[in-house]
Amino acid sequence: LFEVPQHFHKHERLLRVLGVQDRFTPAHYAQGLHALAAAAHGQPLSEASLLTVALQLADCVVEAQQIWGGPMPEVFVPDVNSVMAPAAELHFNDADWLASETVRLVHPALPHNTAEALGVRSLRYRQQVDTDLSATLPCPSAASIRSMLGFEEKDLPAATPSPQAMHSAVLSFLSDLMEVADVYGCMRMGLILDARGNHASQSLLHPGLARFQGPALCAVLPGSAASAEELCALLSGAPGAGSSSGGGNGSSSDCLHLPGRAPMHGAGLCGAFAITEVPQVISGGLTVMWDPSGRVLTQSAAEEAQMKQGAAPRGKLFRHVGSNLMDVFSDQYGSAFDFAEAYDIRQPVDAILIRLPLSPEHPAPPAAGKTARGSAPPPLGF
């Protein structure tokens, strides 16, 4: 890689005729990394200065690609032992608690965002995708939720709602929740306010969930599990979301229909979005969560960069029963789901377990006394 000396810059027209470019392309920097790899012959880079050069060239590839656009070229980057390797063969360690003996890790000095942009894969995401334990679900947009609930943007949790808006939203949601419980044939419904704010937040299904490991409004609807499709329909709150017809129940088109179930006149579980940014549900053998803002469950650095142009809503499904997810991501299924202690969530549960983390800016009100970690949280007074 060579740069024309400054005193030649006055001959710009001549330089262009000779094919000199304004700036280096991603391919130029990638060629530099290939040259380092070829010179090392599969051995660790012999000098610390060469490692520094390799890391700088990797940064330059990403910066140049953002300027030039187009596909990212195949590049070599140093692994944890300073041996140059194709980026696609490496993982970056974004999950320190996971065993990594079976995978080859990229050098820790390479930032995760840069590594991911170059094609290095996430160790955390490998646990979910490589074993087919997760899937993407439909998720309503923030705009559609505001329309459904008749809210203004300032009334949603992510935008710091007023106490009055929160109070009204909770009452409306509880009314709709009771209707959902009735439609699913529940003989009772449990409500719990988990006022604790010290749930472990390292081994989570997504790092963006860490700030939602605090206080939460929780609900238990026993006696009937809901499928992922039914939960998505309930969260959308749209009339006819679960079925194209009323199922012979004589219901109006303004009702929410789920196949084989009575119509619902409320908003289903859509009101949950007025309380939390990311509703979390366990039912059957599935863990399901939704992120209408698209800012919490981003899966890659590229998606985070695209948020400036508008993030897309995201729903995620995880098959935790019959897999190792509960062991690998133990904090996700730890004390935060103590409210469901009557159920063994390692087995398919015949219930709908709902956890609505309260906005970090609006912690739960203090309980009458201190609640020890792992003990039953104080109940709501409804």
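Which residue forms a salt bridge with Asp-327? Select Arg-346 alongside Asp-327 and you have the pair, with the closest N and O atoms 3.0 Å apart. A salt bridge here is a side-chain nitrogen of Lys or Arg within 4 Å of a carboxyl oxygen of Asp or Glu. Arg-346 sits in the loop between helix H10 (325-328) and strand E11 (349-357), while Asp-327 belongs to helix H10, so the pair ties together parts that are 19 residues apart in sequence. Helices (H or I, at least four residues) and strands (E, at least two) are DSSP runs, numbered from the N terminus.

Before moving on, a word about the model. It is predicted, so local features need pLDDT of at least 70 and side-chain atom pairs count only at pLDDT 80 or more, while totals for chains, interfaces and linings use all residues. Residues are numbered from 1 along each chain as its sequence is written, and side-chain values use heavy atoms, leaving out hydrogens and water.

Now colour the pair by accessibility. Asp-327 is exposed at 51% relative accessibility, whereas Arg-346 is partly exposed at 43%. (Buried means under 20% relative accessible area, exposed over 50%, and partly exposed in between, using a 1.4 Å probe and protein chains only.)

**Next stop: Glu-230 and Arg-261**

The structure holds 7 salt bridges, and another one joins the side chains of Glu-230 and Arg-261 at 3.4 Å, N to O. Glu-230 lies in helix H8 and Arg-261 in the loop between H8 and strand E8 (280-284), so this pair ties together parts 31 residues apart in sequence. Glu-230 is buried, at 14%.

Ser-224 lies in the loop between strand E7 (216-222) and helix H8 (228-236), and counts as buried at 12% relative accessibility.

**A salt-bridge network**

Select Asp-194, Arg-196 and Asp-338, which are linked in a network of salt bridges. Within this group, the side chains of Asp-194 and Arg-196 meet at 2.9 Å, N to O, and both of these residues are buried.

**Last stop: the aromatic rings**

Rings of Phe, Tyr and Trp (its six-membered ring) pair if their centres lie within 6.5 Å; planes under 30 degrees apart count as stacked, over 60 as edge-to-face and the rest as tilted. By this rule there are 2 aromatic pairs. Phe-24 and Tyr-29 have ring centres 5.6 Å apart and planes at 70 degrees, so they are edge-to-face. Phe-24 is partly exposed at 27%, and Tyr-29 is buried at 14%. Phe-337 and Phe-339 form a tilted pair, 5.5 Å centre to centre with 35 degrees between the planes.
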